[in-house]
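My plan is to go through a few residues one by one and then to step back to the whole chain.

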Amino acid sequence: MSRREVMVHVRRGDEFLVLHRVEAKGGYWHTVAARVEHDEDWPEAARRELREEAALDGELRELGAFSYEPSMDGRAFAVDAPAGWEPTLDWEHDDYRWCSRADAAALLEWPEPKEMLRAV
């Protein structure tokens with residue numbers, strides 16, 4: 001069985017949220033993302049991660065499929081944050097930035113989130 005993952009791009013007007021994920025080697029910039037738990041469907045996992053990683057609820061739009069590796073199946077989503085909203089970060093993240101689409105793409109570590117950002 002392949003591993004299932006979700007990512008969620010958060011947009012606020014013309015800005016996009018990028019989160020700095022804490023890792024042993026200095027961390028990296030990413031969007032809201034995680035594995036899908038065995039009892040969840042794609043949107044349930046995306047909503048859960050959005051609440052856990054940024055404390056946001058919102059209406060999801062599916063952007064499409066992605067994969068970091070052959071044994072992985074992923075779905076990307078987008079959500080609009082209200083004007084003035086700021087995330088409340090979980091323990092996995094130590095910083096965040098609101099960026100233009102180009103600046104967000106430049107910060108994001110992996111090609112798949114950059115690719116899906118174009119669809120938002």
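I looked up Asp90 and found that Asp90 touches Glu52 and Glu53 when residues up to four places away in sequence are not counted, a contact being heavy atoms within 4.5 Å. I note that this is a predicted model, in which local features need pLDDT of at least 70 and side-chain atom pairs count only at pLDDT 80 or more, while totals for chains, interfaces and linings use all residues. I also note that residues are numbered from 1 along each chain as its sequence is written, and that side-chain values use heavy atoms, with hydrogens and water left out.

I placed Asp90 in the loop between β6 (72-80) and β7 (93-99), where helices (H or I, at least four residues) and strands (E, at least two) are DSSP runs numbered from the N terminus. Is Asp90 buried or exposed? Asp90 counts as buried because its relative accessibility is 15%, and buried means under 20% relative accessible area, exposed over 50% and partly exposed in between, with a 1.4 Å probe and protein chains only. I then checked its side chain, which is joined to that of His93 by a polar contact of 2.7 Å; such a contact is a pair of N or O atoms within 3.5 Å, where within protein one must be able to donate a hydrogen and the other to accept it, and where residues adjacent in sequence count only if both atoms are side-chain atoms. From C-alpha to C-alpha, Asp90 and Ala55 are 8.4 Å apart in space, although 35 residues separate them in sequence.

Leu19 is buried, with a relative accessible area of 0%. Leaving out residues up to four places away in sequence, I listed what Leu19 touches, including Trp29, Val32, Glu53, Leu89, His93 and Tyr96. Of these I followed up Leu89, which is 70 residues from Leu19 in sequence and 8.5 Å from it in space, C-alpha to C-alpha.

Glu40 is found in the loop between β4 (32-35) and α1 (42-54), and Glu40 is buried at a relative accessible area of 12%. Which side chain does the side chain of Glu40 meet in a polar contact? I found that of Arg48, at 2.6 Å. With neighbours within four places in sequence left aside, Glu40 is in contact with Arg4, Ala45 and Arg48. Glu49 lies in helix α1 and counts as buried at 4% relative accessibility. Not counting residues up to four places away in sequence, Glu49 touches Val32, Ala33, Ala34 and Ala54.

Finally I stepped back to the whole chain. I counted three helices and seven strands, and along the sequence they follow the pattern β-β-β-β-α-β-β-β-α-α. The radius of gyration is 13 Å, close to the 14 Å that the globule rule gives for 120 residues, so the chain is as compact as a globular protein of that length; the radius is taken over C-alpha atoms, and the rule is 2.2 Å times the number of residues to the power 0.38. I noted that the C-alpha trace spans about 40 × 35 × 30 Å along its principal axes, and that buried residues make up 48% of the 120 residues. My last entry is that, among contacts between residues at least 6 apart in sequence, 66% join residues at least 24 apart.
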